[in-house]
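These are my notebook entries on a structure that I had not examined before. I record each item that I looked up, in the order in which I took it.

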Amino acid sequence: MALSRFEYVKQFEQEEKLLPNSWIVVRIDGKGFHRFCNVHAFNKPNDLDALQLMNLAGMTVMQEFNEIAIGYGQSDEYSFVFRREASVYQRRRDKLVSYVASLFTSAYMFHWKRIFDQRALAMRYPPSFDARAVLYPTDENLRDYLSWRQADVHVNNLYNTTFWNLVASGLSNADAEKRLQGTLASDKNEILFSQFGINYNNEPVMYRKGTILLPKSVNADGKKQRFIVPLFEDLIGDAFWTKHPEVLDKKAKTDTVYELDEHKTQPVILYQLEVQDRRKAGMSKTEPKAKVLLEPDSS
């Protein structure tokens with residue numbers, strides 16, 4: 001672009017670069033999603049299709065950035081953890097946050113029909129997501145952050161599961177809220193079991209623990225390939241971090257090749273397999289899709 005006398009205005013632009021050698025967490029949050037869920041008649045307390053749509057949007061972000069070590073999603077939020085040494089956009093905060101939010105939102109809209117066609121659910125108005133970037137200087141800080149988000153899933157889901165079962169039994173929203181006021185987790189578990197025959201521990205693990213997305217080597221069509229794999233595991237204990245050492249240390253050697261058998265019904269995997277098949281056939285990514293089976297994992 002030719003220089004002009006107006007170019008001096010560029011001096012007003014300010015760049016904030018995120019500190020080096022720190023984990024970068026970009027967290028996406030749905031804006032006004034209480035209304036969005038009501039308008040689109042999402043199932044309560046959990047809508048499996050809506051959660052799978054969030055996972056597809058999260059997958060899209062992780063496919064774009066190979067410097068993301070782990071993604072974690074629950075409800076209307078998703079966290080993406082960029083490695084300490086990540087240099088994407090020279091670690092410019094505004095650039096990184098705005099692009100992740102934009103890509104996540106567009107992917108959410110792009111995959112909507114894939115998920116909701118079976119319910120003939122049209123998008124009534126576009127969703128929006130805000131985003132923030134937070135730095136965590138140590139591995140312990142990062143683990144505590146992810147533990148905090150997973151603990152939040154448990155607290156909220158136990159409350160919501162109990163609340164909406166009370167409402168379904170005939171209580172008003174206000175009466176259900178009053179009934180649960182001051183209750184402990186054990187009280188809510190007792191209400192679910194004694195009144196509704198629900199053992200909370202048997203609820204689908206995605207609802208209780210959220211979704212972890214990891215880049216993994218998988219065996220697809222007899223070949224070792226990189227896929228974004230959804231996992232539903234505990235992040236708070238040490239077992240996950242021992243099993244997946246590459247999350248904290250990308251140099252950690254892991255010979256594990258994930259077999260897709262247990263994941264093949266997950267839309268995130270189905271989509272990646274479908275794209276792979278299209279590429280083999282020389283087709284565009286935008287060609288018509290295959291049917292997606294949505295079954296919750298209750299392990």
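Which side chain meets that of Glu-274 in a salt bridge? I looked up the pair before anything else, keeping in mind that the model is predicted.

**Entry 1**

I found that the partner of Glu-274 is Arg-278, with 2.0 Å from N to O. Both residues belong to helix α10, which covers residues 267–280. They are four residues apart there, about one turn of the helix. I then checked their accessibility, for which buried means under 20% relative accessible area. Glu-274 has 11% and therefore counts as buried. Arg-278, with 5%, is buried too.

I also noted a network in which salt bridges with shared partners join Arg-27, Asp-29 and Arg-132. A search of the whole structure returned 17 salt bridges.

**Entry 2: pairs across the sequence**

I turned next to Asp-234, whose side chain meets that of Lys-209 in a salt bridge of 3.8 Å, N to O. Asp-234 lies in the loop between β6 and α9 (239–243), and Lys-209 in helix α8, so this pair ties together parts that are 25 residues apart in sequence. I recorded both as partly exposed: Asp-234 has a relative accessible area of 33%, and Lys-209 has 23%.

I then looked up Glu-246 and Lys-216, whose side chains form a salt bridge at 2.6 Å, N to O. Because Glu-246 is in the loop between α9 and β7 while Lys-216 is in strand β5, the pair ties together parts that are 30 residues apart in sequence. Here I read relative accessibilities of 11% for Glu-246, which counts as buried, and 6% for Lys-216, which also counts as buried.

**Entry 3**

I listed the strands joined to β5. Strand β2 (residues 68–74) runs antiparallel to β5, with three bridges between them. Gly-71 is the residue opposite Leu-213 of β5. Strand β6 (residues 223–231) is also antiparallel to β5 and is joined to it by nine bridges. I noted Val-229 in β6 as the bridge partner of Leu-214. The two strands form a hairpin with two residues between them, and Asp-221 in the turn has a positive phi of about 55°. Strand β7 (residues 258–259) runs parallel to β5, with two bridges. Its residue Glu-259 is the bridge partner of Asn-219.

**Entry 4: the largest pocket**

I found a volume of about 790 Å³ for the largest pocket. It is lined by 32 residues, of which Cys-37, Pro-45, Asn-46, Ser-75 and Asn-160 are the closest to its centre. The elements that give two or more residues to the lining include α1 (33–39), α2 (48–64), β3 (77–82) and α8 (205–209), and strand β2 is also one of them. I recorded that α5 supplies the largest share, seven residues.

**Entry 5: a nonpolar surface patch**

Finally, I looked for nonpolar side chains on the surface. Tyr-8, Val-9 and Phe-12 form such a patch, with about 350 Å² of accessible area together. Val-9 is in the segment before β1 (23–30).

Definitions and conventions. Residues are numbered from 1 along each chain as its sequence is written. This is a predicted model: local features need pLDDT of at least 70, side-chain atom pairs count only at pLDDT 80 or more; totals for chains, interfaces and linings use all residues. Side-chain values use heavy atoms; hydrogens and water are left out. Two strands pair if DSSP finds at least two bridges between them. Patches are made of residues with over 30% relative accessible area and no salt bridge: like charges are joined within 9 Å, nonpolar side chains (Val, Leu, Ile, Met, Phe, Trp, Tyr) within 5 Å. Accessible areas come from the Shrake-Rupley method with a 1.4 Å probe; for residues, only the protein chains shown count as cover. A salt bridge is a side-chain nitrogen of Lys or Arg within 4 Å of a carboxyl oxygen of Asp or Glu. On a 1 Å grid over the protein atoms alone, a cavity is a set of points where a 1.4 Å probe fits but cannot get out, and a pocket is an open set with protein on both sides within 12 Å along at least five of seven lines; lining residues have an atom within 4 Å of a point. Grid points are joined across faces, edges and corners, and a volume is the space filled by probe spheres set on the points. Buried means under 20% relative accessible area, exposed over 50%, partly exposed in between (1.4 Å probe, protein chains only).
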